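Here is a short tour of a protein and its ligands, written to be read with the model open beside you.

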Amino acid sequence: MASGSVDVTYRGIFQKILAGNIVKTLVKASRHSGKIGGTISRYSDSPERNGIPAKQFAVIAESQDELHVEMAKYEPDNIRLIAALDDTLAKGHESWAWYGIRPIHLGLREGGALLVVSEHERAKLLEFIPRLPFEWRLAILPGEKSFSGLWVYHDDGTEFRVLGAIARLIPEVVGLEELEKEVGKGPKAEQHLDWLRQGYREVQVGTVPAGVGAPNTYEPVKLPEWTEMAEAIIVPAAPRGGRQEAFKKFTTRSERPVIDFDVCTQCKQCFVECPDSVFELTPEGYYNPEYEACCGCGICAEVCPVDDCIVMVDELAFADNRDLYEEWKADRAAYRQFFQGLLERERVTARSSRRKVSA
Ligand code: SF4
Ligand code: SF4
């Protein structure tokens, strides 16, 4: 048996209850084998907003002293497993209050596991997850993102399937037997136990050798010392007619709007309704999203009156925030092919309302 921490990285606020339930159940289950534990939650920005990457930790220890040491850190660093509840977090997430983007597996120890709930294959995820100097494990729990609601928890099995997968990956910290004892006590126990065992069986796990993965282009994030922090919580206003450069939105996004400029009527609805003033007016009269500022809320796709003009596309279809309008202008035939390809291949959400396309 061993101690260690589990980091559950999720999208606030949609997955907050889901993440909280997972860490609490891990700590309670660890008591069945004589361990003790605690949970820590924190989010990157303030306040916790829709889609923002956030974390909760289960810290599991074999003694009070060990627990106190780990709980007293800025963040736990004896991380045996990181569970990402949304696979688009593989593109990295902002650190506290925008001091820069951090890789999804930051803090993972050698041999540790990154568990991702995803419908994608391992190779696709490794296009985004940077290489590490040691061997680690990438585990995929097949499934859709569970954005189980802001204020109402949707008991769809994700919580228990993730717990089952964790038991398979780090049995030395929390095993299936302990989790069965804990989950078996609650309401709807039979259903929850089924899901727990399903996650245990279905998780796909493989090792990732040292040096395999995307190039590591992340700049180390330097968090301020307490003497360097501004007094109180200060969010400077965006300059008139501009954006707040310190608060980019794109890591909150699991989908992005893509526009078919060939059918756009320049009606301006997207520009008017976008809550983050993302659209720039082009000299030709089109409205072009600045992707660094887009949080992926999908409102523009909802309000666009033209069928299949704005579609919301899985964020993992893109490696960067490049300007798609410029691509359309440079080669319209190639852009048409690209757009049709997105419609056919990529999963487009129901928020695009006109059409839902499956991968
Ligand atoms: S998804 Fe559309 S409406 Fe929402 S922030 Fe992005 S551009 Fe604006
Ligand atoms: S709402 Fe649709 S049709 Fe209207 S300007 Fe925006 S993209 Fe074009």
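## Overall fold

Please keep in mind that this is a predicted model. The protein chain contains 10 helices and 13 strands. Its radius of gyration is 22 Å, close to the 21 Å that the globule rule gives for 359 residues, so the chain is as compact as a globular protein of that length.

How much of the protein chain is buried? Buried residues account for 51% of the 359 residues.

## The site of ligand 2

Ligand 2 takes up the space of the largest cavity. Around this ligand you will find 13 residues, and the closest are Cys 264, Cys 267, Lys 268, Cys 270 and Cys 304. Sorted by class, the shell around ligand 2 has 9 nonpolar residues, 3 polar ones and 1 charged one.

## The site of ligand 1

The second largest cavity is the space taken by ligand 1. Which residues come nearest to this ligand? They are Cys 274, Cys 294, Cys 297, Gly 298 and Cys 300, out of the 13 residues around ligand 1. The shell here comprises 10 nonpolar, 2 polar and 1 charged residues.

## Backbone details to look at

Most peptide bonds are trans, and most residues other than glycine have a negative phi. With that in mind, a few spots in this model deserve a look. Gly 12 and Ile 13 are joined by a cis peptide bond, with omega about -10°. Ile 13 lies in the loop between strand S1 (4-12) and helix H1 (16-30).

Lys 188 is not a glycine, yet it has a positive phi of about 55°. You can find Lys 188 in the loop that runs between helix H5 (176-183) and helix H6 (189-202). Asp 308, also not a glycine, has a positive phi of about 55°, and its place is in the loop between helix H8 (299-303) and strand S13 (310-314). Is Asp 308 buried or exposed? Its relative accessibility is 17%, and because the cut-off for buried is under 20%, Asp 308 counts as buried.

Notes:
Residues numbered from 1 in each chain as written. Chains lettered and ligands numbered in written order. Predicted model: local features only at pLDDT ≥ 70, side-chain atom pairs only at ≥ 80, totals over all residues. Heavy atoms only, no water. Near = heavy atom within 4 Å. 1 Å grid on protein atoms, 1.4 Å probe; cavity = no way out; pocket = protein on both sides within 12 Å on 5 of 7 lines; lining within 4 Å. Sits in = over half its atoms within 2 Å of the grid points. Nonpolar A, V, L, I, M, F, W, Y, C, P; charged D, E, K, R; others polar. Helix = DSSP H or I, 4+ residues; strand = E, 2+ residues; numbered from the N terminus. Rg over C-alpha atoms; globule rule 2.2 N^0.38 Å. Buried < 20%, exposed > 50% of the residue type's maximum accessible area, 1.4 Å probe, protein only.
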